[in-house]
Amino acid sequence: MDWSGPEFVIAIIALSTIGWIVNNWIRAKHGYPLEDELFGKTEKTDTTRNDEETRKLREQNQQLRDVMERMESRMIVLERIVTDKGYTVAEEIEALRDRPAREVRDSSDSGVPLDIKNKERA
């Protein structure tokens, strides 16, 4: 055998390439990361994990949208309270202080009627 001929060099290149292919095939079969041309690692993509991750992210996104809609409705109510000309928060608090404690506990309605006209006359 002639060790200095081109056949020997081609045989070494062919054996190295076949070894690299077999090595990657075994790694892929057993779930190990694959080697690329520059000796880096390419991780195996797990489609079932990605599908589950996507499903979880969509559920979380829907929950956040629901929370945001509830906060938006609360903000509308707060804006209405702040911008309403007939009532002010201070007057509502004073009206609550003026009511007897028994009347406040027995009251089934959630609001307190304000008698703003009578307070202005006094």
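Glu 59 is partly exposed, at 42% relative accessible area. That class lies between buried, under 20% relative accessible area, and exposed, over 50%, with a 1.4 Å probe and protein chains only as cover. Arg 55 also counts as partly exposed, with a relative accessibility of 42%. The two residues form a salt bridge, and their closest N and O atoms are 2.7 Å apart. A salt bridge here means a side-chain nitrogen of Lys or Arg within 4 Å of a carboxyl oxygen of Asp or Glu. Side chains of opposite charge can pair when their charged atoms come close. Both Arg 55 and Glu 59 sit in helix α2, four residues apart, or about one turn of the helix.

This is a predicted model, in which local features need pLDDT of at least 70 and side-chain atom pairs count only at pLDDT 80 or more, while totals for chains, interfaces and linings use all residues. Residues are numbered from 1 along each chain as its sequence is written, and side-chain values use heavy atoms, with hydrogens and water left out.

By the salt-bridge rule, the count is two. The other pair is Lys 56 with Glu 52, with the closest N and O atoms 3.7 Å apart. Lys 56 and Glu 52 are separated by about one helical turn because they stand four residues apart in helix α2 (residues 47-83). Lys 56 is partly exposed, at 48% relative accessible area. Glu 52 is partly exposed too, at 41%.

Now step back to the whole protein. It has five helices and two strands. Along the sequence they follow the pattern α-β-β-α-α-α-α. These elements are DSSP runs numbered from the N terminus: helices are H or I with at least four residues, strands are E with at least two.

How much of the protein is buried? Of its 122 residues, 5% count as buried. The accessible surface comes to about 11,400 Å², and carbon and sulfur atoms hold 58% of that. Areas come from the Shrake-Rupley method with a 1.4 Å probe; for residues, only the protein chains shown count as cover. Among contacts with a separation of 6 or more, 19% join residues 24 or more positions apart. A contact means heavy atoms within 4.5 Å.

The predictor's confidence in each residue, pLDDT, runs from 0 to 100. The protein averages 76, and 65% of the residues score at least 70.

Turn to helix α1. Its 25 residues should span 36 Å at 1.5 Å a residue, and its end C-alpha atoms are 36 Å apart, which agrees. The expected span is 1.5 Å times one less than the number of residues. After α1 comes Gly 31, whose phi is positive, near 85°.

Asn 24 lies in helix α1. Asn 24 is buried, with a relative accessible area of 12%. Leaving aside neighbours within four places in sequence, Asn 24 is in contact with Leu 34 and Glu 35.

Ile 26 also has its place in helix α1 (residues 6-30). At 40% relative accessibility, Ile 26 counts as partly exposed.
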